[in-house]
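This report describes the fold of one protein chain. Please look at the sequence and the model before reading on.

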Amino acid sequence: MGAAAVVACGGGGGRGTPTTPTPGGGASASATIVIEASGRVNPSTVTIAQGGRVTFVNRHTRNHDMSSDPHPTHTDCPEMGQVGFLAPGQSRTSGNFNTVRTCGFHDHDAPGDMGLRGRIVIVAVQ
Ligand SMILES: [Cu+2]
């Protein structure tokens, strides 16, 4: 019952706070998100293991610029920067998501379109 050495979670700064690690049971190393012909992402949420990557496929008839939240600075998850602009028919894979957290994404050309928003949940590898 001694004094537990607890490190305080200091500063509410502007930097994103990592989300609580979740057990990664069954999380795939990688996932694919398709922009369907309807112009909506499917699925809108994927869960991957830490270190994994996500491939975006554009099956829509127009261009999309898939970017990390927040719009317009895209600073939350720089791994998304490797996806970016996708012409119809194109696909591209993100960098490795090495941080356990949740990454929101959007189409930079249509940031208010909820059908093009989603989340990548990165969970700890057990
Ligand atoms: Cu944006």
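## The model

The model is predicted: local features need pLDDT of at least 70, side-chain atom pairs count only at pLDDT 80 or more, and totals for chains, interfaces and linings use all residues. Residue numbers start from 1 along each chain, as its sequence is written.

## Overall make-up

The protein has zero helices and eight strands. Helices (H or I, at least four residues) and strands (E, at least two) are DSSP runs, numbered from the N terminus.

Of the 126 residues, 25% are buried. A buried residue has 20 or more other C-beta atoms within 10 Å of its own, an exposed one has 12 or fewer, and a partly exposed one falls in between; C-beta atoms are placed from the backbone.

## Strand pairing

Two strands pair if DSSP finds at least two bridges between them. Strand β8 (residues 118–123) is parallel to strand β3 (residues 45–58), with five bridges. In this pair, Ile-48 stands opposite Ile-122.

Strand β7 (residues 102–107) runs antiparallel to β8, and four bridges join them. Here Cys-103 stands opposite Ile-120.

## Ala-29

Ala-29 belongs to strand β1 (residues 28–35). Ala-29 is exposed because 12 other C-beta atoms lie within 10 Å.

Apart from neighbours within four places in sequence, Ala-29 is in contact (C-beta atoms, placed from the backbone, within 7 Å) with Ile-48, Ala-49 and Gly-52. Ala-29 and Val-123 are 94 residues apart in sequence, and their C-alpha atoms are 9.9 Å apart in space.

Conventions: Contact = placed C-beta atoms within 7 Å.
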